[in-house]
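I opened the model to look up a few helix contacts and ring pairs. My notes follow in the order I took them.

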Protein chains: 2
Amino acid sequence: MLQAVTEMMEGEGPTARQQDVLDAVLRLLVEEGDRLTMTAVARRASCSKETLYKWFGDRDGLLTATVQWQASKVRVPPVDRKGLDLVSLTASLERFASDWLRVISSDTSIALNRVGVVHAGSDKRDLGAIVLERGRFALGRRLKPVLEAGREAGLLEFDDAEEAFRTFFGLVARDVQIRLLLGDRLELTAAGIDGDAARATQQFLALHGAKTGPRAL
Amino acid sequence: MLQAVTEMMEGEGPTARQQDVLDAVLRLLVEEGDRLTMTAVARRASCSKETLYKWFGDRDGLLTATVQWQASKVRVPPVDRKGLDLVSLTASLERFASDWLRVISSDTSIALNRVGVVHAGSDKRDLGAIVLERGRFALGRRLKPVLEAGREAGLLEFDDAEEAFRTFFGLVARDVQIRLLLGDRLELTAAGIDGDAARATQQFLALHGAKTGPRAL
DNA sequence: GCGGCGCCGTACCGTACGTTACGGTTCGGC
DNA sequence: GCCGAACCGTAACGTACGGTACGGCGCCGC
């Protein structure tokens with residue numbers, strides 16, 4: 001059973017068939033929450049429980065592989081730092097904000113975060129750490145270069161990029177994530193998300209934008 | 001069994017003995033998370049399982065009563081609106097912010113929010129709704145009169161008190177709540193909390209403070 | 001063509017836990 | 001002092017589910 005886990009842990013990602021299984025888990029996770037059973041997974045994925053245990057070791061291994069599989073599907077568009085001006089910086093920030101709002105309000109993200117929270121409450125802290133790493137911290141790693149480029153271009157002012165990012169995070173997410181996790185029906189339309197992203201960006205610029213002469217806002 | 005639930009649902013709160021039981025559940029919830037068992041509760045509270053079922057109906061009823069019991073323990077200090085100036089408004093906001101940070105970073109709050117999240121993921125949405133109502137929304141109801149008093153006193157500017165509150169919420173909480181829920185070890189010292197509260201308050205005033213002449217910030 | 005391997009479907013096992021039942025004890029009212 | 005109600009401690013029941021074992025089948029290399 002140990003080499004089964006190893007089989008997934010290191011080396012190249014899951015095979016095509018395994019990806020199908022993990023996608024089935026993902027769908028089931030959205031529908032059923034963390035009370036999905038191994039039997040239900042096997043039925044949905046049209047595979048045997050024996051295969052599940054052979055491939056993923058145990059239930060936790062299956063969930064861990066699922067979280068990592070979903071995380072690996074999110075690709076990071078690189079940011080070009082050349083020709084940065086206030087317009088392009090604003091556009092970048094707004095794009096980050098709306099992307100992020102779309103992610104955290106998606107059924108998949110909510111289900112995955114719920115699983116992470118549940119596991120963080122028990123002994124198995126792994127899943128919570130993974131979700132955190134692939135969510136909140138990954139966003140920070142993506143955004144901080146943008147912020148620093150903005151600072152170098154004289155468009156932003158802040159001491160600590162981490163603190164600046166956390167402010168941006170708070171302005172964007174506000175109470176959305178906790179409300180969704182706690183089951184609040186919070187219908188976010190595309191227009192609403194874009195509007196929120198623009199508002200958060202303007203607020204962030206008001207706090208950390210370079211003060212060249214009288215404030216533009 | 002139905003009248004057992006009713007026994008707790010309506011009318012006056014739990015008896016002293018029942019409060020002892022609920023406090024035991026609370027402690028157990030902090031230690032064990034949502035995988036506490038009825039047997040463990042009975043043992044910890046030195047009561048019989050029969051009594052638990054008689055008083056609370058079933059496991060969900062016990063958890064619901066616990067969440068409401070904890071919520072009822074938080075008392076709301078009223079806000080005096082007379083003689084409001086920038087100093088007292090700032091102090092009020094900072095106090096709200098530091099209180100809130102202290103609450104959401106407490107073991108009890110984390111455990112309760114975890115329970116709410118897991119229940120929101122299953123069919124039983126009740127607990128999530130209760131936590132949300134007694135947490136996020138209760139804070140909003142407490143803070144909005146302060147904001148509106150500040151606006152009436154000419155100290156704040158905003159169109160929608162709800163939106164202004166959400167901004168304040170985001171500036172205060174930032175990524176703290178989600179990180180704690182996902183198991184991140186986030187040591188918040190008293191000094192750190194007060195500093196964060198002051199920072200969030202200043203940022204909020206920078207965004208929504210009345211612009212009397214050139215900006216003070 | 002055939003032997004072995006990987007996988008499917010399913011039956012099975014052990015256990016943990018929610019829920020119920022019951023005997024024994026305390027306590028308030030008469 | 002006695003009765004009944006409430007409650008404690010514990011044993012017992014039923015079930016759901018994680019994990020395992022096994023028979024059958026298609027596929028790939030030889």
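**Entry 1: an arginine in chain B.** I began with B:R102, which counts as partly exposed because its relative accessibility is 36% (buried means under 20% relative accessible area, exposed over 50%, partly exposed in between, with a 1.4 Å probe and protein chains only). I placed B:R102 in helix 6 of chain B (helices are DSSP runs of H or I with at least four residues, strands are runs of E with at least two, and both are numbered from the N terminus). Leaving aside neighbours within four places in sequence, I found B:R102 in contact with B:A190, B:I193 and B:D194 (contact means heavy atoms within 4.5 Å). B:R102 and B:I193 are 91 residues apart in sequence, yet 7.4 Å apart in space from C-alpha to C-alpha.

**Entry 2: ground rules.** The model is predicted: local features need pLDDT of at least 70, side-chain atom pairs count only at pLDDT 80 or more, and totals for chains, interfaces and linings use all residues. Residues are numbered from 1 along each chain as its sequence is written, chains are lettered from A and ligands numbered from 1 in the order in which they are written, and side-chain values use heavy atoms, with hydrogens and water left out.

**Entry 3: chain A overall.** I counted eleven helices and zero strands in chain A. Of its 217 residues, 51% are buried. Among contacts in chain A between residues at least 6 apart in sequence, 73% join residues at least 24 apart.

**Entry 4: a serine in chain A.** I looked up A:S98 in helix 6 of chain A. A:S98 is buried, at 8% relative accessibility. Apart from neighbours within four places in sequence, A:S98 touches A:I193, A:D194 and A:A197.

**Entry 5: aromatic rings.** My search of the whole structure gave eight aromatic pairs over all chains (rings of Phe, Tyr and Trp, the last by its six-membered ring, pair if their centres lie within 6.5 Å; planes under 30 degrees apart are stacked, over 60 edge-to-face, the rest tilted). A:W100 and A:F169 form a tilted pair, because their ring planes are at 55°, with the centres 6.1 Å apart. This pair links distant parts of the chain, with A:W100 in helix 6 (residues 86-104) and A:F169 in helix 9 (residues 161-173) of chain A, 69 residues apart. A:W100 is buried at 11% relative accessible area, and A:F169 is buried at 3%. Ring pairs join A:W100, A:F165 and A:F169 into a cluster.

**Entry 6: helices 6 and 9 of chain B.** How do the axes of helix 6 and helix 9 of chain B cross, and at what angle? They come within 10 Å and cross at roughly 55° (axes are lines fitted to C-alpha atoms, for helices over the stretch in contact, and angles run from 0 to 180 degrees between N-to-C directions). That makes helix 6 of chain B oblique to helix 9 of chain B (under 35 degrees is roughly parallel, over 145 roughly antiparallel, 65 to 115 roughly perpendicular, the rest oblique). On the helix 6 side I listed B:L93, B:A97, B:W100, B:L101 and B:I104, which meet B:F168, B:F169, B:V172 and B:A173 of helix 9 of chain B.

**Entry 7: helices 5 and 8 of chain B.** Helix 5 (residues 59-73) and helix 8 (residues 126-152) of chain B pack at about 0°, with their axes 10 Å apart. They are therefore roughly parallel to each other.
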